[in-house]
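I opened the model to look up its aromatic pairs, its helices and its nonpolar cores. My notes follow in the order of the look-ups.

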Amino acid sequence: VVAVSSIEATVLREVDGGAAVDLVAPRQPELQLTPAALQDRAAMAFVASWTARGFSPNSDAFWWLAREVLPSVLSEVPWSRLRVTGAHPPDDITAVAGPHIDLTGYLPSLTELYATVRVVLAPDRFGAGLKIKTLEALQHGVPVVATTIGAEGIDVPPGLTPMVVTDDPAEFAAAVVRLLTDNDEWRARRADVEALHASWDAVPGATWPDVVDRTLDGPRRR
């Protein structure tokens, strides 16, 4: 059994008589930190994908963001905009695109996006398991403001705050404003992201080849 977060691994290991559980973090080794310079960074980003039926965790997250958070952010930072990815967004979301909400559509690579935004938002209100979009943002070196669900499954060592995690819209908006306007705050969060990377490198954990080789070797020994 392979888990992708320590929370899941802990739950599975408590099952009496269960198989051995490996923890393989789903980080992508080819992803690199984007530059830390601030002069090319301005916007917020919400990395999403959309379903043909319209309603999804991403659409719910978008509307919570647009209705409960974005007005407060724009009242403090009227020059900012939210870049939203994902091919074929629902019609109701397309209808609200404008100067402050930029629907960028499908992007074959997110590197340029992560290199030009100051903060990535993960406002998920439901969903299961580790959120890959949150992990990818951190792998690219961008601070994140997330809900509890949006941050789920990502282990952060004590003392580090690469993500601001809150389910309160006002606190969420205030954290976004700080990261958009306070350079010292942004650099502090970026330093914590880099420290998080160092903690990953210090304890790399199992890899898929390790798991497969050990699993195949067991029957051969027997």
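I call a residue buried under 20% relative accessible area, exposed over 50% and partly exposed in between, with a 1.4 Å probe and protein chains only. By that cut-off I list Trp64 as buried, and Phe172 as buried too.

Conventions. This is a predicted model, in which local features need pLDDT of at least 70, side-chain atom pairs count only at pLDDT 80 or more, and totals for chains, interfaces and linings use all residues. Residues are numbered from 1 along each chain as its sequence is written, and side-chain values use heavy atoms, with hydrogens and water left out.

Aromatic pairs. I count rings of Phe, Tyr and Trp (its six-membered ring) as a pair if their centres lie within 6.5 Å; planes under 30 degrees apart are stacked, over 60 edge-to-face, the rest tilted. I found three such pairs in the structure. Phe62 and Trp63 have ring centres 5.2 Å apart and planes at 80°, so I noted them as edge-to-face. Phe62 is buried at a relative accessible area of 0%, and Trp63 is buried at 16%. For Trp64 and Phe172 the centres are 5.3 Å apart and the planes at 90°, so this pair is edge-to-face. Trp64 sits in helix α2 and Phe172 in helix α6 (residues 169–181), so the pair ties together parts 108 residues apart in sequence. I also recorded one aromatic cluster formed by Trp50, Phe62 and Trp63.

Helix α2. Helices are DSSP runs (H or I, at least four residues), as strands are (E, at least two), numbered from the N terminus. Helix α2 covers residues 57–76, 20 residues in number, and reaches 27 Å from first to last C-alpha, close to the 28 Å expected. The expected span is 1.5 Å times one less than the number of residues. I noted a bend of about 50° at Val69, with Pro71 following within four residues. The bend is the angle between axes fitted to the seven residues ending there and the seven starting there.

Nonpolar cores. A core is a set of buried Ala, Val, Leu, Ile, Met, Phe, Trp, Tyr and Cys residues joined through side-chain atoms within 4.5 Å. The largest core has 32 residues, and Met44, Phe46, Phe62, Leu121, Val145 and Val176 touch the most other members. Which helix supplies the largest share of this core? I found that α2 does, with ten residues. Another core, of 22 residues, lies apart from it and includes Ala43 and Val142.
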